Amino acid sequence: MTTIQRIWRIKNTLLRLLSTRCLDCGFVAYPPKASCPKCGSRRLIKEELPKIGEVLSYTVINVPLRGFEEFTPLIICLIKLGEAKVLAELVDVKPGNVHIGMKVMATLRRSAKTLDGVIPYVVKFRPLSLGSS
Ligand SMILES: [Zn+2]
């Protein structure tokens with residue numbers, strides 16, 4: 001199992017937001033794909049996305065999936081990160097304070113415990129105005 005100390009050491013690696021850019025049509029996909037979701041080309045290069053982006057749209061989930069009760073209400077955002085659009089959870093903000101155009105920043109957070117008891121850490125986003133970490 002991954003310890004908090006280990007997570008902290010590899011934080012910057014886990015936080016790298018790798019995407020693929022299509023050399024034929026220019027589409028940027030996150031997470032990285034083996035072929036372009038838009039044109040099917042396999043001529044792709046890996047690119048790191050910026051960690052700061054902007055909320056394009058969002059929804060609030062008030063009825064949790066089993067195991068996700070502690071994360072409710074769950075705010076899911078479509079975030080513009082450079083040329084990519086990323087679907088991710090927004091944390092550290094009340095649903096009523098989220099707005100379109102809000103600047104957000106990638107952060108590493110705990111997710112729901114898996115069936116084998118592992119607590120995974122995943123990339124989520126938080127408002128940029130709280131300061132950087
Ligand atoms: Zn393409």
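Proline 31 is found in the loop between β2 (28–29) and β3 (44–48), where strands, like helices, are DSSP runs numbered from the N terminus, with at least two residues (E) required for a strand and at least four (H or I) for a helix. The structure is a predicted model, in which local features need pLDDT of at least 70 and side-chain atom pairs count only at pLDDT 80 or more, while totals for chains, interfaces and linings use all residues. Residues are numbered from 1 along each chain as its sequence is written.

The peptide bond that joins tyrosine 30 to proline 31 is cis, with omega about -5°. A cis peptide bond is also present from threonine 72 to proline 73, with omega near -5°, and proline 73 lies in the loop between β4 and β5.

In the loop between β1 (18–22) and β2, phenylalanine 27 is in contact with Cys22, Cys36, Pro37 and Lys38 when neighbours within four places in sequence are left aside, a contact being a pair of residues whose C-beta atoms, placed from the backbone, lie within 7 Å. Although phenylalanine 27 and proline 37 are 10 residues apart along the chain, their C-alpha atoms are separated by 8.2 Å. Phenylalanine 27 is classed as partly exposed because 18 other C-beta atoms lie within 10 Å; by this criterion a residue is buried if 20 or more other C-beta atoms lie within 10 Å of its own, exposed if 12 or fewer, and partly exposed in between, with C-beta atoms placed from the backbone.

Strand β4 (residues 52–61) pairs with β5 in the antiparallel sense over seven bridges, pairing being assigned if DSSP finds at least two bridges between two strands. Within this arrangement, leucine 78 in β5 is the bridge partner of serine 57.

Apart from neighbours within four places in sequence, phenylalanine 125 is in contact with Cys77, Ile79, Ala88, Leu90, Val104, Met105, Ala106 and Thr107.

Valine 98 lies in the loop between β6 (84–90) and β7 (103–110) and is partly exposed, because 17 other C-beta atoms are within 10 Å. Not counting residues up to four places away in sequence, valine 98 touches Val55, Tyr58, Ile75, Leu90 and Val93. Valine 98 and isoleucine 75 are 23 residues apart in sequence and 8.8 Å apart in space, C-alpha to C-alpha. Aspartate 92 is also placed in the loop between β6 and β7 and has a positive phi of about 65° although it is not a glycine. With 13 C-beta neighbours inside 10 Å, aspartate 92 counts as partly exposed.

Notes. Two residues are in contact if their C-beta atoms, placed from the backbone, lie within 7 Å.
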